[in-house]
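Here are a few notes to read alongside the structure. Take them one point at a time, and keep the view open as you go.

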Amino acid sequence: MPIKIEEPTQQQINELRNLFIKKYETNPPIVAFHPVDINRILKEDIWCRKFLEMYDLDMNLAFDKLWFTCTWRQEFGANDLNESDLRMDYLNDGFIFSHNHDIDGKPLLIFQTKNHIRGSKNMDDVVKILVYYIERLHRQTNMDKITILFDMNGCGLSNMDLEFIKCIIETFKQYYPSALNYILVYEMAWILNAAFKIVKGLMPEKAVAILKMINKKSISTYIDKNNCLVSWGGNDNYEFTFEPEKKQTTPTPPLIAETNGAADAQDQRNQNGNGNANGHIIENKWYKINGQNHDSVGKIKPESSHNSLV
């Protein structure tokens, strides 16, 4: 039976956002969070919504996980991860790649398991590649959900790497809430059933609910023929070659307060004592969120205020 997902209200999203603002003002991180992440929290609803959905509208838990995730992202460098940070031999192996979409239009992240041999790769480098692809897809789709497909066709015991699969599960579980549309396991041999039971036991309840064991006959329920590779019985004869991401050149909008139209808002902040040495960028008065000015308890302030995040 499918798990019911509780939809957060706009008031709950604002409450989570305000908890973040309050903590950032009163007890900021030692190293400032990435501007992209702060922008997602202050100016968009989708990320806050995902945390609330993942943790069943438990406000305190959702907030703790949001802060924990922002800290990890800053330390890991998730936003700035690019091809130059990754092992090119791993990228070119094609054991992880993204191609096409599922039946709901969600991007596919494919794990070509037969291209991975247990114990042959450094797991820290593998996680970097996983995070790189998740971040890349999130940039392309504005954090839309992803379907992951484990292609188990042709795999044996040497390809069944529990440490590798644990890393995948933990990365999504800890740092990417409500990120998955489906988890598809394609053509798994019976000899791997016992090992996969261990994997299933590691998954949170919400992940188990979207886990689907599929084969060539049933795959069309989740991926249409034109998006299925020929090896899955589909029409797409794609063969993997790594292609670097084509990033947009538009810079992230600065998250600094402007006062009375000052040309250099950062200088103004430093002059009036609102800046700090760690480069924290959240002001302690009014915030422009979704086109409206809000105070720290969610009240809407008239547009005449000059002190806002832009």
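This is a predicted model: local features need pLDDT of at least 70, side-chain atom pairs count only at pLDDT 80 or more; totals for chains, interfaces and linings use all residues.

1. A reminder before you trace the pairs: strands of a sheet pair through backbone hydrogen bonds, either parallel or antiparallel. Start with β1 and strand β2 (residues 107-112), which run antiparallel and are joined by four bridges. To find your place, look for phenylalanine 97, which stands opposite isoleucine 110 in β2.

2. Next, move on to β2 and β3, which run parallel and are joined by five bridges. Here leucine 108 stands opposite threonine 147 in β3. To get from β2 to β3, the chain passes through helix α6 (residues 123-141), and this β-α-β crossover is right-handed.

3. The pair of β3 and strand β4 (residues 180-186) is also parallel, with five bridges joining the two. Leucine 149 stands opposite leucine 184 in β4. The chain goes from β3 to β4 by way of helix α7 (residues 162-175), in a β-α-β crossover that is right-handed.

4. Why is strand β3 (residues 146-151) largely enclosed by the rest of the structure? Six of its six residues are buried, so the strand is enclosed in this way. In a regular strand the side chains alternate between the two faces of the sheet. Both faces of β3 are covered: Ile146, Ile148 and Phe150 are buried on one side, and Thr147, Leu149 and Asp151 are buried on the other.

5. Asparagine 100 is not a glycine, yet it has a positive phi of about 65°. This asparagine 100 lies in strand β1. Is asparagine 100 buried or exposed? Its relative accessible area is 19%, and buried means under 20%, so asparagine 100 counts as buried.

6. Glutamate 187 also has a positive phi, of about 50°, although it is not a glycine. Where does glutamate 187 sit? Its place is in the loop between β4 and α8 (193-202). With a relative accessibility of 28%, glutamate 187 counts as partly exposed.

Notes
Residues are numbered from 1 along each chain as its sequence is written. Side-chain values use heavy atoms; hydrogens and water are left out. Two strands pair if DSSP finds at least two bridges between them. Buried means under 20% relative accessible area, exposed over 50%, partly exposed in between (1.4 Å probe, protein chains only). A crossover is right-handed if, with the strands pointing away from the viewer, the path from the first strand over the helix to the second runs clockwise.
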